[in-house]
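Reader: I have a structure open and some terms to sort out. Can we go through them one by one?

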Amino acid sequence: MATYQEFIQQNEDRDGVRFSWNLWPSSRLEATRLVVPVSCLFTPLKERPDLPPVQYEPVLCSRANCKAVLNPLCQVDFRAKIWACNFCFQRNPFPPSYAGISEVNQPAELMPQFSTIEYIVQRGPPAPLIFLYVVDTCLEEEDLQALKESLQMSLSLLPPNALVGLITFGRMVQVHELSCEGIAKSYVFRGTKELSSKQIQEMLGLTKPAAPGQQGRPMAPQDAAPSCRFLQPVHRVDMNLTDLLGELQRDPWPVPQGKRPLRSTGVALSVAVGLLEGTFPNTGARVMLFIGGPPTQGPGMVVGDELKTPIRSWHDIQKDNARHLKKATKYYEALANRSAVNGHSIDIYACALDQTGLLEMKCLSNLTGGHIVMGDSFNTSLFKQTFQRVFSKDFNGDFRMAFGGVLEVKTSRELKVCGAIGPCVSLNSKGSCVSENEMGTGGTNQWKVCSLNPSTTLGIYFEVVNQHNAPVPQGGRGAIQFVTQYQHSNTQRRIRVTTIARNWADAQSQIQHIESSFDQEAAAVLMARLGVFRAESEEGPDVLRWLDRQLIRLFMFHLRRSPFLQVFNNSPDESSYYRHHFVRQDLTQSLIMIQPILYSYSFYGPPEPVLLDSSSILPDRILLMDTFFQLVIYHGETIAQWRKAGYQEMAEYENFKQLLQAPLDDAQEILQTRFPMPRYIDTEHGGSQARFLLSKVNPSQTHNNLYAWGQETGAPILTDDVSLQVFMDHLKKLAVSSST
Amino acid sequence: MNVNQHTPMASPYGQPQPGYGQPTYAPLDGGYPAPYAPYNGPASAYQPGASATRPPDLRTPHPVSAPQPYNQYSPVRWDMQNGPPPMTQAPPSVTAPAVSQPYNQGAMNLSGPHPYPQHYGPPPTMQQVTNQMTGMQIGSGPPTPAGPGYGKYVLSPPSQPPFSSAQMPPTSMAQANHLPPGPQAPQVLQPPRSPGPLQQPPPQPGMPAGYPHSAFGQVRGPQPGYAGPTPVNPTTGPQLDPDAIPSPIQVIEDDKAKCNEPFTTGVRGQAPPLVTTNFQVKDQGNASPRFIRCTAYNMPCTADMAKQSQVPLAAVIKPLATLPPDETPPYLVDHGETGPIRCNRCKAYMCPYMQFIEGGRRFQCGFCSCVTEVPPHYFQHLDHTGKRVDCYDRPELSLGSYEFLATVDYCKNNKLPQPPAFIFLIDVSYNAVKSGMVSIVCQELKTLLDYLPRENPDMDSVVRVGFVTYNKVLHFYNVKGSLAQPQMLVVSDVSDMFVPLLDGFLVNVNDSRLVIESLLDQIPEMFADTRETETVFGPVIQAGLEALKAADCAGKLFVFHTSLPIAEAPGKLKNREDKKLIGTDKEKSLFQPQASFYNSLAKDCVAQGCCVDLFLFPNQYVDVATLGVVPVSTGGSVYKYTYFQAQSDQERFLNDLRRDIQKPVGFDAVMRVRTSTGIRATDFFGSFFMSNTTDVELAGLDCDKAITVEFKHDDKLSEETGALMQCAVLYTSCSGQRRLRIHNMAVNCCSQLADLYRNCETDTIINFFSKYAFRGILNNPTKAVRDTLVNQCAQILACYRKNCASPSSAGQLILPECMKLLPVYLNCVLKSDVLLPGADVSLDDRAYLRQLISCMDVAETHVFFYPRLLPLTKLESGSLPVAVRDSEERLSKGGVYLLETGLHLFLWVGASAQQELLLNIFGTQSFSQIDPATTSLPVLENPFSQRLREIIESFRAQRSRYMKLMVVKQEDRAELIFRHFLVEDKSASGGASYVDFLCHMHKEIRQLLS
C-alpha cells in the first residue's frame, strides 16, 4: 500500500478532496477527542482533462429522501439488474436503458476509477451566460478611460451568444438599453432611494413582457431579446455597446470642494440584482461591479460625502464608531442573498487608493461566489490582467467558470454534515444527514454556489454520530457523496458526482493508524477557515484565543500573524479582501496564504526554499516571496549594489545577469496563473517596499533580542511581535500545563 | 344719416325677445314672473311709441312694428338686417307715422349715448320718457296686471294714455340724454346731429353741464290707445324697444369719433378713451391706459361714499403690456450701485409724485409724506417752480412708466440671476401621437427655437432649452452639443421625481442645434408605435421644476398634455365630472382642484420662478380645474384644443405656440402696489401666487397678463392730492437682467357722488366684476354669485339714481352716462358659460374660461363678453365697417357677418346672401357649396376678399390667442354655437336677453329705491 502521502495526493488529483483524517474514528466520543473534526476541502470543479463527461442522466436511488447517485461503491446484482444504494441500502432496479449491463459491460459510473464522474444532462433550453457590467463613473478621467478600454476589450472575450448589460452610476444610476437604434436610451434611478425588486422591474418596464420568462425557466436568447432590452447578445450589440462605453462620461454632477463624489453603489447593485431577478432568474449571470470609491449616498452608503469624515477604520469599528457599517452590511447582505437565490454572482473590482467599502460589500461576492479584486487604480496591469483572467479559457476553449452550482453532500449513516465554509449559501435542505451541530454555513446538506471555477474550494465539516457502544463492524467504510449540479460555461447543465469512502478505525485500538492518516496541511487550512469564519462573525481576540486552544503546530504561528485573523496594519477592506480569497482557494494556495513561501537565489547553489525567517535575509541572496497576494523579489544588500553598479550589463558577468533573471522568471510563472494577479514588488535591501517581506518573516532577530544584533546572519526586524521560538516555548509550556 | 354712425340705432329694434314675456328671471327671483307676465300684456297693448319703431320680430309673431319705417330711412339696411322677416303684422297705416317719429328719436337717442353731448345740451328737457318707459317698467306691483307704468304712474294703472303722446314729464328728462329715444324727443338736438359723429360738440369731460347719464324710462303699461292698432297678443311681447336701450355699438362709435388726438396722461383723473378705440398715448406722468386702467378716475374721498355707491375701486394692470410701435417702451433707468432711489418709509420708488424740497436736498414722498434725503449722486437743483432742473431728462421724474435696473440686493440669494430656461415637456402617449400633436410640436420647435425671446433683436437669445417627453414615465434628453446623437434618460420613478442629468439637459440652441434637430426628428418616430395610454402630470411639472432648481435659474415649462393623469403618481386624478352637481351647492367643488398636491407644487414653482404654460389636447374630461392650478398660480397660461385634429387645429395651435414662445416675458417677478395714504390694495385677481397680503408673486409674467387690483379705503383721501398708486414689478428679463418696472397712476378724489359717477369706466368695472364673480364660484353656489352681481350693480345704479339724478318718476330708469352699458355687459357676464352653462358646455370648458378670464385685460374681457359683430357688405380699406349689436335680429339673411370674441372667430353667412358677396369671399356663388368645415378663406384676387382676409388677420394680431375661423351657414347646425355669442338675445341656456335683463335691473333698482 502506498503511503498516506501518496494516497492523499491521489485522492486530491482524482476527486479534488482532502480530508483532515483519512481514517475516521468510529465513534462520536473519539472523534471529539481528536479536536480537529472530520472534515475535508472539496474542489467541486477540479479540472480533470482526463475525465470525459458522459452524455446521460445519472441513475438515482429511488428512496425519496436519499436520491444518491449510482456509484462504484454500490453493490450490484448484475443478474437481477438491481443495485443497492450504499447510503440507505435501498435496492433499486436499473432503468431500462441499463438492460445490457453485466460484469464485463459496466457503465462508467460503476468503475472504481470513476469515483468522480460528470454527466451532461438535457434540461430545458440552454441558458445563455449573462454579464452585467455595473460601472462607477465617479472616477478620475484616466481611470475611467482605462476601465472603458478594459470593458471594451472584454466584449471580445465573451462568447457571441452571451448576454451583456450595462449599468452605470454616480449620483444617479443609469440602466442602458442596448437594443435601440439612434438615440441611446437609459433608465435612470435616483441614487438615494431604496427600491424593491418589483418597483425596479416596473420602472424598467419589465413586468409585463417578463411573464413567460418566470417559473425559473430561462428564455431562449431569441425570445429574450425583445423582452429585455437591457440584456442583449454580444454579437448583436457589440458595436453599439462599444460606442456606448466610448461615450461614457464621468459623472457630470459637480463635486464641491471638500466633498466626495456622490456614488450610489447600493442602488446600482439593487437595480442590477432586481433586473436579473426579473428577467433571468435561475440562470447563470455575473454582475461585475467596478468601483473607484466607497458608496457615499443612499442605501448601502458606507461613508458620507464630507471628506473631513474619513472612512471607518478598525479602530472606529472597535469603538463602535462606524455609523453606516451595520446598516450597509445588512443592506448588502440582503442583496447578496437575493442574488444568490437566483443563482447570480456578483464580482467586485475595487480600484482606489483609499478603502471602497469592501468590508460592507464583501458578502456580495462571498455569498454568491463572485470575485473580489482590489487594486490601486484601473489603470494598472494588476487590474487589467486580473480582469482579463476572469475570462480565461480552459483546454476546451470554455470559460473557466460555471454558474448556478448546487452542491449536495450525502453521507453514510455514521456521519452527519455540520456545514460548509466557502463561497456558498445554504439552501436549507434539512435531510437526514444534517447535523444539529453547525460549523460554518450549516443546517443543510445543500449549498448554492452561484459561481464556480476550477479552483473554488469549500471546506466541509462532518460529525461522527456513531455512538461508542454501537461499533462499526470491522472493515466498515463510511462514504460521502458530493453531487454538484451546475451550468457549464458552454451553457450545458452538468452534474458532477464524487463518491469517496474511508475506513472506520477504533480510536482506542488503532490510534496510531488514525494519527498517521492525519493530513496536517488540510487540517491546518480547514481549521484556519473555521477561524476566519469565526473572525468574520466575532471579535478578533476571541478568535485568536480559540485558535490557540486548537493547537496545530507551525501553521498556527503564521496564521495568527496573517491578515486573515490579524487586522492590525490592515484596513477593514483589506482584511475582507484577504479573507474572501482565503475561504475559496484550494489547499495549495491557502497554504501559501497562511505561510508565505520564500525562495532563495544565490551563487551558492540552485534556488531553494528557505525558512520564512529573518535569518534568511542575507546580503548575497535574492529572495522571492510569494504570499499569494504579493510577489516580492528582494535583492540582498550586496546583490543590490552589484545591480546598481550595472554588472549584469557586462558580458563577463553573464552569470549575474542570469541570477537576477531567475527569480523574475519564476515570478512570471506564478503571475501567469494566479487569480487574482498578485501585487508584484521588486525591491532591495533598504528599499521602502522591503517592508512587505520584513513583515512576513519570522522575527527571530529583532531590535530587542541582543544576540541577533550585529550578526551577519540575517536582518533584524523592527517589531514587538514574538518570534516563532518564543511562541513555541510558550506553547510548550501551555501544553504541559494544560495536560496536568 | 350717417350710415356708419347711426346704423346701429337705426336698425330696428330687434325683435322682441321671444322670451320676453316668459319668466326669464324666474330663477333669480321667484316673485318676478308674476308681475312680469301681466305686465306684458298691457305692454304689448301699449305699443305706442314703440310700436312704431319696433320691427317685428322674426321669431315672435309680433304684430307690433311695421317695416316701413325703415324704408324711409334706410331700407336697404333694414332688409339686410331683418331679412325678409316673416313678419306678419303691422298695420302700415298706423306705423308709418309712428315710424317717422321714432326715427327721429333714434337720432336723438344717438345723442344720448354720447357722453359729451349730453353735458352739452339742454337735453334734459327733451327727454322723453315716454317710450322709454315702455318696456321697462316692469311691474312694480306684481299682481296688477296693469303693470306699472312708469313710476309715478304706477299707481294709476293701466289706463295711462300718456304714452302715445309721449310726453314725459320734463322732469324726468332733466338729466338727460337719455338714450332711449322717446318718440317725441326729437326735437331740439336732432337736426344738427344728423351728420354723425361730428355733431358732438366737443364737450369737455370736465364740463359742468349736465350729469352725464342716460335715463331710460320706459313706461309700459297697457296703453289703451295703442292697444288698438296693434293687435298684440298680450302674453307675448316685450315692449321695450331694443333700439331704445343703450347700445354698446353706439357708445363705442361715439368714443371713437371723439378721439382724434393722442391721449396725454398728464392730467390727473382723466378717463382714457375706451379700449375699443384706437388712440395714441403720450406719457406725461401717469401710466398709459395700456398699462393701467381704473374703474373710477374720480375716487370717493371716504369709505362711506365708496360703500354707498358700491362702485368697485379697482385697477387693471398689465405691467408688461406691449405698446404699439409709435409709442416708446419704458426707459431703463440705472441709479447705480446703490439701486433705485426710494422713500425711506414706504419704499415707494422715485417717481413724478415725489416732491423735492429744501433746494433739492430732500424729497417728500407723495404716498406716505415721509421726507427722505436725496443721495449726493442724485442731487439736482430746483428751478423756480420747485421742479428739479433735470426733471425732463429723467424718466422717473417725468413719466408714468419706466424701468429701473435692479441691483444684487433685489435678487434671490443676493446673486445676479442666470438667464432663464425654457423646457418643453411633451406627452407622447397614444392619444398624443395619434392626434398628430407630437409630430407637429417637434416639427415646429425646430424653427421656433430660433425665435426665443431676446431683448436685442440682433443678438441670439440667451434662453436655454431642454426637452422631456413623457407618458407614464419621463424621458429626459441629453442634447449636449458634443454628442453625436441625443441620449434619452428614462425616469420611471415618478413617485419621487428628480432630474437625471445636469450637464447637457439645458443647452444653448446654437451650441446644440444639430443634436436638437436630430432629437426632434426622432421623437415622433420613437413613439410612433406606442401603446401607452396612461399619463402622469404632477411629476412632469416636478421634473421641470427640479431641472430649473438644478440649473439655479428661473424659466418656463411648456407642457403639451392630452389626458387625465390616471397613472400611479403624485397628482394622480380621477374623473369627477358629474353633471348632476351642476347648479347645486356642490358645484363649486368642481372648480376647486381635486388634490392639494398641485397647490403645494405651484408654491414650489413660484419659489423657483418656474412658470408653467399648459397646452391641453383633451378628448375627454381632463380636469382643467386641477391641471390648471399650477399654470394659473405661476403666471402661466392654459391653452385647450379639445378634440385636437392635426388637420383643422394645427394652425391655431401653432400660432398660439409661436406667440407664446416669442412673446416678451419676465420671470421670477414680484409685483407690489403702493398707494397714497387713505386707500390700500386689498385684493388681487389674476394668474399669480400670493404668500402674503401685499406681494403678488409671478413665476412668469408675459405681455398679455393683466392683474386686477381692488382698492379699499383705510382712511380719507383728499380732493387736493388725489389718490396715487405705484405698481412696481421686480422681474428678471429674458436676458437675465434683474429689473423693476414702475407704473405710476394718479386719479382724482371727489366728495360728491356725482363726480364719481361721471368718471367711471364700465369696461373696467366689468373686468373687475367678472373676475370677482369667477373667483366667487370657487366658494359659493353659482346662483348666489349671480345674485350678488346683480345686486351690486343695482345698488350702484340705485345710488346714482338716488343721489345724482334729478328726481323723476320712479318708473324711469336713469343710468349714469358712463355706466349706461353696465346692464348689458353685466348680463353678458351673467350668462357667460362660466356662470350659466348650457347643456353642451363641459366642466372643463368652464374651468378653462374661468382661469382664462382671470388674467385678461379690459380689452379682452370687453370683446369676450360683448363680441364684435361686423357686417361685411362693403369693405373699405383703412376702416372697418361699423359693428352691429349682438343680436340675431341685426343679422340680415342677405348678408355675411364676422363675429369675434377674442377666442372665436365666426363668419356667418346668411341663407340668401348675395351671390356677388359669396363669390368675392368664397369663390362660389352658391350658398350650398360653401364648406362649413373650412377654417380659412380662399385667397381670391378681389379687393373684397383681400380686405376681408386683412381684417381677419388684423383681428388675430390683436388678440393673444389665435382665433380659428369657423364658417357658419345660416340654419346650419353650427349656427347654434354662433348664436351663443349673440349676447343681446336670450340664450339657449336660459340667459336673459338684454331687454329682459334691463327690465329686471330696473325692477331691482326700484326695489332698492323704495
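Reader: What makes strand 26 of chain A mostly covered?

Author: This is a predicted model, so the values are computed from it. Buried means under 20% relative accessible area. Five of the five residues in strand 26 of chain A are buried.

Reader: Which way do the residues of strand 26 of chain A point?

Author: A:I622, A:L624 and A:D626 point one way. A:L623 and A:M625 point the other way. All are buried.

Reader: How do you know that strand 26 and strand 27 of chain A pair?

Author: Two strands pair if there are at least two bridges between them. Strand 26 and strand 27 of chain A have five bridges, so they pair, in the antiparallel sense. In strand 27, A:Y634 is the bridge partner of A:L623, and A:H635 is that of A:I622.

Reader: What joins strand 24 of chain A to strand 26 of chain A?

Author: Five bridges, and these strands run antiparallel. Here A:S600 stands opposite A:L623.

Reader: Why are strand 25 and strand 28 of chain A called edge strands?

Author: The open sheet has the order 25-24-26-27-28 in chain A. Strand 25 and strand 28 each pair on one side only. The twist averages 15° from one strand to the next.

Reader: Why does A:F603 count as partly exposed?

Author: Buried is under 20% and exposed is over 50%, with partly exposed in between. A:F603 has 39% relative accessibility, so A:F603 counts as partly exposed. With A:Y604 and A:W642, A:F603 makes a nonpolar surface patch of about 360 Å².

Definitions and conventions: Residues are numbered from 1 along each chain as its sequence is written. Chains are lettered from A and ligands numbered from 1 in the order in which they are written. This is a predicted model: local features need pLDDT of at least 70, side-chain atom pairs count only at pLDDT 80 or more; totals for chains, interfaces and linings use all residues. Side-chain values use heavy atoms; hydrogens and water are left out. Patches are made of residues with over 30% relative accessible area and no salt bridge: like charges are joined within 9 Å, nonpolar side chains (Val, Leu, Ile, Met, Phe, Trp, Tyr) within 5 Å. Accessible areas come from the Shrake-Rupley method with a 1.4 Å probe; for residues, only the protein chains shown count as cover. A salt bridge is a side-chain nitrogen of Lys or Arg within 4 Å of a carboxyl oxygen of Asp or Glu. Buried means under 20% relative accessible area, exposed over 50%, partly exposed in between (1.4 Å probe, protein chains only). Helices (H or I, at least four residues) and strands (E, at least two) are DSSP runs, numbered from the N terminus. Axes are lines fitted to C-alpha atoms, for helices over the stretch in contact, and angles run from 0 to 180 degrees between N-to-C directions.
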